[in-house]
Amino acid sequence: MEGGNSPNLQLQQLPLATAAVSVQPHTDSFSYKENLIGALLAIFGHLVISIALNLQKYSHIRLAGSKDPRAYFRTKTWWCGLFLLVLGELGVFSSYAFAPVSLIVPLSAVSVIASAIIGIIFIKEKWKPKDFLTLRIVVLQAEGCGLAIVGTYLLITFGPNSHEKMTGENITRHLVSWPFLLYMLVEIILFCLLLYFYKERNANYIVVILLLVALLGSMTAVTVKAVAGMIVVSIQGNLQLDYPIFYIMLVCMIATAIYQAAFLAQASQLYDSSQIASIGYILSTTVAITAGATFYLDFTGEDVLHICMFALGCLIAFLGVFLITRNRKKSVPFEPYISMDAMPGMQNMHDKGIAVQPDLKSSFSYGALENNDNMPEIYTPATLPIVQEQHGSRGVSAPPYRVLEHSKKE
């Protein structure tokens, strides 16, 4: 019996094995197509966002340079930029439903490349014409764009192919998994420490602020994929909007995005935009990839070659963004003629210990020295002339300035 049944079992198992072999390439091909769709949506979204932001900035610059009394929101250019901005954000949002987080997040380098090119060509704010004569700046800028494009290609080619239905059960299972809970514990502790040093110790370092942004951004990326994926699954016929986890992820997505924008606004007030773009991109991408790999298990089943090539693509993109942003012109802050330490009650001291700025509480003489009997005649200050002003209502005449009595040594 056993000998007679074994050929039949082998014949029955052969079609199953053949079917399994035929299904695997189809699954890989389908996952790669999903990756490509998600990557194209993300690239399209970042390009449109860059165009939208530059259009809105152009509308502000045009109104500021003209005598047009209209507000910026009454111009067609600004509304066109707003429409493109919403369209681009929808493209980036929908890309998370097709491709893993670890693939979508690094593609924000496209916006850095597009903003640099658009800003140079249309707004012309980055360099003065004489700066284009410097070959070193032009070469480094071209190298940065080329490296960013090569890194983007490697990210799309060797990106993770993990695709999972974003159902309420799967998201809940990932949310309570031990790796993610441990990751969340470490992230919360790190976030609280950074927030303490930033708020209480005045540690206004750019790395501290942008690391806070990166930690919030990683949670934004995780929640955006959950919300976008559940919406797509609901559109396909399997309703997921009745799960409480959907609304929890939605609230977390909105909250982290708002606080992330708040910290970015604070960083923009303290540091140059080029530094924020390069350092923020590197930190946000690294933390978001770690969060995606921990929550969604993006690199599960990937071989070492794909992981190494993906990491190489990230490093090349990092270097490209750094080269692009480091050549931007930094704005020089306005420095007044009078030193900021020449405030009431404070004096700017000369090399020999003689005050060269007046104490504003005792004298209104601009640039005059205080009266000092021990000073030589050469340091005798000049005072403002006394102007007598009659006030008819009060009938009292008084000089507008306090008269300084100066005596010369005979």
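These legends describe close-up views of a predicted model. Residues are numbered from 1 along each chain as its sequence is written, and side-chain values use heavy atoms, without hydrogens and water. Local features need pLDDT of at least 70 and side-chain atom pairs count only at pLDDT 80 or more, while totals for chains, interfaces and linings use all residues.

**View 1. The second largest pocket has a volume of about 280 Å³.** A pocket is an open set of points on a 1 Å grid over the protein atoms alone, where a 1.4 Å probe fits, with protein on both sides within 12 Å along at least five of seven lines. Its volume is the space filled by probe spheres set on the points. Lining residues have an atom within 4 Å of a point. There are 15 of them here, and Glu34, Ala97, His163, Glu164 and Lys165 are the closest to the centre. Two elements, α1 (2-64) and α8 (206-235), each give two or more residues to the lining. Helices are DSSP runs (H or I, at least four residues), numbered from the N terminus. α8 gives the most, with four residues. By type, the lining has seven nonpolar, four polar and four charged residues.

**View 2. The largest nonpolar core has 69 residues.** Such a core is a set of buried Ala, Val, Leu, Ile, Met, Phe, Trp, Tyr and Cys residues joined through side-chain atoms within 4.5 Å. Buried means under 20% relative accessible area, exposed over 50%, and partly exposed in between (1.4 Å probe, protein chains only). Tyr96, Ile171, Met219, Met249, Phe295 and Tyr296 touch the most other members. α8 supplies the largest share of this core, 17 residues.

**View 3. Tyr296 and its contacts.** Contact means heavy atoms within 4.5 Å. Beyond four places in sequence, Tyr296 is in contact with Val101, Met166, Val222, Lys225, Ala226 and Ala291. Ring pairs also link Tyr296 with Phe180, Tyr183 and Phe295 into a cluster.

**View 4. Two edge-to-face aromatic pairs.** Rings of Phe, Tyr and Trp (its six-membered ring) pair if their centres lie within 6.5 Å; planes under 30 degrees apart count as stacked, over 60 as edge-to-face and the rest as tilted. The whole structure holds nine aromatic pairs. Tyr196 and Phe197 sit 5.5 Å centre to centre, with 70 degrees between the planes. Tyr196 is partly exposed at 37%, and Phe197 is partly exposed at 41%. The ring centres of Tyr281 and Phe318 are 5.5 Å apart, with planes at 85 degrees. Tyr281 lies in α10 (residues 273-295) and Phe318 in α11 (residues 304-326), so this pair ties together parts 37 residues apart in sequence. Tyr281 is buried at 6%, and Phe318 is buried at 13%.

Methods:
Ala, Val, Leu, Ile, Met, Phe, Trp, Tyr, Cys and Pro count as nonpolar, Asp, Glu, Lys and Arg as charged, and the others, Gly among them, as polar.
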